[in-house]
Amino acid sequence: MDEREKKFVAEIEDIRRRIDARYGNERFRMLFYDLGDNIPADMLDTEREVPEELQDEDDGEWKFWKPVPSTISGEALNALEARLRAAFPPGFRALLQAYHLVSWTSAGMGDGRGGYVGGCIFFTLPALDTQTGLAELERNAAEDWGPLIAAGYLPFAIGEDGQGPICFDLKQKGEDGDCPVIWILHDDLFNLGEDGVSMRKNVEPHVRQIADSFEDMKAILLGGEEVPVV
């Protein structure tokens, strides 16, 4: 195993430690809460009971889920990137190969003034569970926001209940393969039209950068204060 491979394996283990810390911390239990119909049987958390005050939700039966080791292979990721004609940063690939996640929502990055960088209050990853694998990630990138890839923006998450895609800015990729993370409002993209969205010069005025890199936003997305990073 060369140094690059060792670093990638270490990144996967670091991401698992961060998610494990949140899973084991009661303060973050609602991260692991979703409609029962969305939870594959092998991800159902049968040891964590739904509190009585949450048992009568109107929109269906909600349950807790647990992260399970990812079965997504490097080959499957390579094939997805080939179909998208775009490559994810190594840190995001490590996330995909660390754990399956039923759902994952994170607050945006604080701007130090009581707001959020780029105005993005929160964002959500597509389902990455054992049943859907990479399908929802691909649908979000290729079907929902595919023209953006031609403009150099690779969608990987959804901002604020569908208010626009969260993307990697591939045109600003560093030597380590990491990229700035940006957000574009749905209304701005709609006004550009499908042809306009595929042209970077049209999209750039509407881009809101929310992180210098995926590495920078990792602690916000996955936690970090609970886990010593080694």
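User: Where do the axes of α2 and α4 come within 11 Å, and at what angle do they cross?

Analyst: In this predicted model, the axes of α2 and helix α4 (residues 135-144) approach to within 11 Å and cross at roughly 15°. Angles under 35 degrees count as roughly parallel, so α2 is roughly parallel to α4. The crossing of α2 past α4 is right-handed. On the α2 side the contact is made by L80, R83 and L84, and on the α4 side by L137, E138, A141 and A142.

User: How many aromatic pairs does a search of the whole structure find?

Analyst: Ring pairs are judged by the distance between centres and the angle between planes. The search of the whole structure gives 12 aromatic pairs. One of them joins Y33 and F64, with 4.8 Å centre to centre and 45° between the planes, a tilted pair. Y33 is in strand β1 (residues 33-35) and F64 in strand β2 (residues 62-64); the two are 31 residues apart, and the pair links distant parts of the chain. Both Y33 and F64 are buried.

User: Why is the pair of F92 and F168 classed as edge-to-face?

Analyst: Plane angles over 60 degrees count as edge-to-face. The planes of F92 and F168 stand at 65°, with ring centres 5.5 Å apart, so this pair is edge-to-face. The pair also links distant parts of the chain: F92 belongs to helix α3 (residues 90-96), F168 to strand β8 (residues 165-169), and 76 residues separate them. Both F92 and F168 are buried.

User: Which residues do ring pairs link into a cluster?

Analyst: The cluster consists of F88, F92, F156, F168 and F214, linked by ring pairs.

User: Which charged ends sit over the rings of Y99 and Y23?

Analyst: Here the distance is taken from the ring centre. The charged end of R16 sits over the ring of Y99 at 5.8 Å from its centre. For the ring of Y23, the charged end over it is that of R48, 5.0 Å from the centre.

User: Which phi value does R85 have, and is R85 buried or exposed?

Analyst: A positive phi can be read together with the residue type and its place in the chain. R85, which is not a glycine, has a positive phi near 60°. R85 lies in the loop between α2 (74-84) and α3. Its relative accessibility is 78%, so R85 counts as exposed.

User: What is phi for E160, and is E160 buried or exposed?

Analyst: E160 has a positive phi of about 45°, again without being a glycine. The residue sits in the loop between β7 (153-159) and β8. With 9% relative accessibility, E160 counts as buried.

User: Is R200 buried or exposed, and with which residues is R200 in contact?

Analyst: Buried means under 20% relative accessible area; at 18% relative accessibility, R200 therefore counts as buried. R200 is in helix α7 (residues 200-203). Leaving aside neighbours within four places in sequence, its contacts are A151, G152, Y153, D169, K171 and Q172.

Notes: Residues are numbered from 1 along each chain as its sequence is written. This is a predicted model: local features need pLDDT of at least 70, side-chain atom pairs count only at pLDDT 80 or more; totals for chains, interfaces and linings use all residues. Side-chain values use heavy atoms; hydrogens and water are left out. Rings of Phe, Tyr and Trp (its six-membered ring) pair if their centres lie within 6.5 Å; planes under 30 degrees apart count as stacked, over 60 as edge-to-face and the rest as tilted. Helices (H or I, at least four residues) and strands (E, at least two) are DSSP runs, numbered from the N terminus. Buried means under 20% relative accessible area, exposed over 50%, partly exposed in between (1.4 Å probe, protein chains only). A charge sits over a ring if NZ of Lys or CZ of Arg is within 6 Å of the ring centre and within 35 degrees of the ring normal. Axes are lines fitted to C-alpha atoms, for helices over the stretch in contact, and angles run from 0 to 180 degrees between N-to-C directions. Angles under 35 degrees count as roughly parallel, over 145 as roughly antiparallel, 65 to 115 as roughly perpendicular and the rest as oblique. A crossing is left-handed if the near helix is turned anticlockwise from the far one by less than a right angle, and right-handed if clockwise. Contact means heavy atoms within 4.5 Å.
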